[in-house]
Each structure stands twice: as structure tokens, then as C-alpha cells.
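Q: Let us go through some labels and ask what stands behind each one.

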Amino acid sequence: MGNLKKLELPPQGLNMLFGVQDQNIKYLESLLDVSIGARGNELLIDGDPRDIETVEAILRDFGELFDEGSKFSDKELKDAFKQIAEDRAYSLRDHFQRNRFNPSGKKTVAPKTANQRKYLDAIANNDLVFGIGVAGTGKSFLAVAMAVDALFKKRVSRIILTRPAVEAGERLGFLPGDLQEKVDPYLRPLYDALFDLVDAEKVTKMLEKRIIEIAPLAFMRGRTLSDAFIILDEAQNPTREQMKMFLTRIGFGSKVVVTGDKTQIDLPRGQRSGLKEAEEVLKDIDMIDFIYFSEKDVVRHKLVQMIVKAYEEHSTGAATNQPESRDH
């Protein structure tokens, strides 16, 4: 290719960079049009000039971070390489320093895709953000992580997590127990995200003191929520009226994130999703951002992605082979 570049790294750094059986470097070569070889401590990069430039920037950042004492797993490096290949303006230093945060000291959170990164930036820079897309893309988890971060950094004085109590085929009235017990199954995913990010003891104390409040959407009516980080999850299921009611609760010093999946609407036939309407009505307002997630952002176990894909292919095939139904 004739565009050879040479760079030097310490031996331990080279081992970490190349990874087990050189898999990190092979992965980087597969993402970009380059070949990377090592001669002693020296790295030789050959390929397209633009790609060489990207690899150079990655290696320069890597060398500096390594000298500063940073250590990276193969998976972390591959995640970073993938995002840089998708967005050349992004850097390895950004990935490992600017976009990683540890909301409460328990677990480090980092975006795994370019859209997740845009989502975190949008939440940081806007008072109202909509995260729209399929399940498993990290919409709710990342929103809860940002809320916990804002609370621990004292940017807000409380967190309010809410979901509409509409689920496929279930009515609240038929569930046993008092109201709290009735509501809990719906709100469980929000509890799970919280307990994943914050020590259980702290979460329990904050729930008792109502610093963190987890409630069904109907409880929001008539309240103005100031100085709070508010997340509306499963936002495809509120009606138009409920969505308007929720969005007009926003008070001073508050930040709101609305997450939903338009393919999973459980509303009765004839009722329009408040999420779909909000998208049309609010799309031109400057201080509101819409971030869209796709299948590419699903960050589940590889096997789960394969299972989801297999089911989708099967149902498409089944639909085309369906015999015509007859009335009996």
C-alpha cells in the first residue's frame, strides 16, 4: 500500500494492545483498511492514509493512557475501536476518560455504542430528552445512571422514576396485595437498574426518605416536580392526555428523560400512543432532543441477539406461509 508509519510502545503496552492471540489488533484491522505489525517495540502501520491517521491517534492515546497507569481489558479496547471506527472525531481518551462515569462508586458506566454516547451527551445538555428504540439498547439503564450521577453530585435533590401501569393483558385490580405490592411488578425494572448502580442499603434509605421515588404515572397528576431528575419509562403506553399531563409537571431545576419502544404499544385499540404524538408535536423545540436506537445498539449477550433474530426470521416466514383463515 506504500503508506508506512512507525510508532513505538513499551513491551507491556504492546501485549495489552494486541490482546490474547493478537485479537484486538486483528479486530482493529478488520474495522479499518490497515495492516498493523510489530517489530520489537516498534509498530508498523500500512494502509489507507485516512485510516492510518485514525490508528495513529488511537495508538498515541493508548501510549499516553498506558504511561498514566491505565489498564484495559480486550473487551474494553474492542468496544472503543468499534466506536472510533464509526465516528472518527471520537478518541480513545474520550472513551476511557470523558465518557465513563461511576455514579455512586459501585459500578462504572460507559456507552457501548455511538448512539448510547449521543444519548448521554443529550441528557447532559438538555432539560428534556426522548430515548426511543427497541428493548435491550440501554435506554432506561443509562437514564437511571445519569439520574444517580446527578443526585450524588448534588445537581438535583431527588430522583423520580415512573412507568404507566399498563401491561399486556393485566389489570391492577386483579393483583393481590396493597397498592405498593400491586405497583411493584411494573416498576421492577427500575428497581433493578438502581440496585445495580447503588448499594442496596443506600437505595433502601433513599426510598424511605423519598429522595428516590418510584411510582406509577397516575401519581404524577397535580404535582410540580422541581429540582428533580425524572424518568418516564415505557413511554409508548401513556395516552396522549397522560403524556401531556406528565410533560407539564416539569418544574425549575429539573431534568426529564422519556424512554419508550414504539413497537411494544400495549394500549387498547383506538387509543393513540402519547409517545408518538409527543414526537410529532415537540420535534422542533430547541431544548428537547430525540435520540433513536436501533438493533445495532442492543447490548445484550450475543446469544440473546441470535435468539431474537431467529424468532424474527421465524415469525416472518410463518406469516408468509399462513393459510387463509375460515369462519367456523
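A: Start with arginine 210, which sits in the loop between α9 (200-208) and β6 (212-216). Helices (H or I, at least four residues) and strands (E, at least two) are DSSP runs, numbered from the N terminus. This is a predicted model, in which local features need pLDDT of at least 70 and side-chain atom pairs count only at pLDDT 80 or more, while totals for chains, interfaces and linings use all residues. Residues are numbered from 1 along each chain as its sequence is written, and side-chain values use heavy atoms, with hydrogens and water left out.

Q: Why is arginine 210 called exposed?
A: Buried means under 20% relative accessible area, exposed over 50%, partly exposed in between (1.4 Å probe, protein chains only). Arginine 210 has 53%, so it is exposed. Its phi is positive, about 60°, although it is not a glycine.

Q: What makes aspartate 22 partly exposed?
A: Its relative accessible area is 36%, so it falls in the partly exposed class. Aspartate 22 lies in the loop between α1 (11-18) and α2 (23-31). Its phi is near 60°, a positive value in a residue other than glycine.

Q: How do you know that histidine 95 is buried?
A: Its relative accessible area is 2%, so it counts as buried. Histidine 95 belongs to helix α5 (residues 92-98).

Q: What makes the pairing of histidine 95 with tyrosine 90 a polar contact?
A: The term needs a pair of N or O atoms within 3.5 Å; within protein, one must be able to donate a hydrogen and the other to accept it, and residues adjacent in sequence count only if both atoms are side-chain atoms. The two side chains make such a contact at 3.0 Å.

Q: Which residues make the contact between α10 and α11?
A: Contact means heavy atoms within 4.5 Å. Arg240, Met243 and Leu247 of α10 meet Gly274, Leu275, Glu277, Ala278 and Leu282 of α11.

Q: Which residues of α10 are buried?
A: They are Met243, Met245, Phe246 and Leu247. Their cover includes β4 (128-132), β5 (158-163), β7 (228-232), β8 (255-260) and α11.
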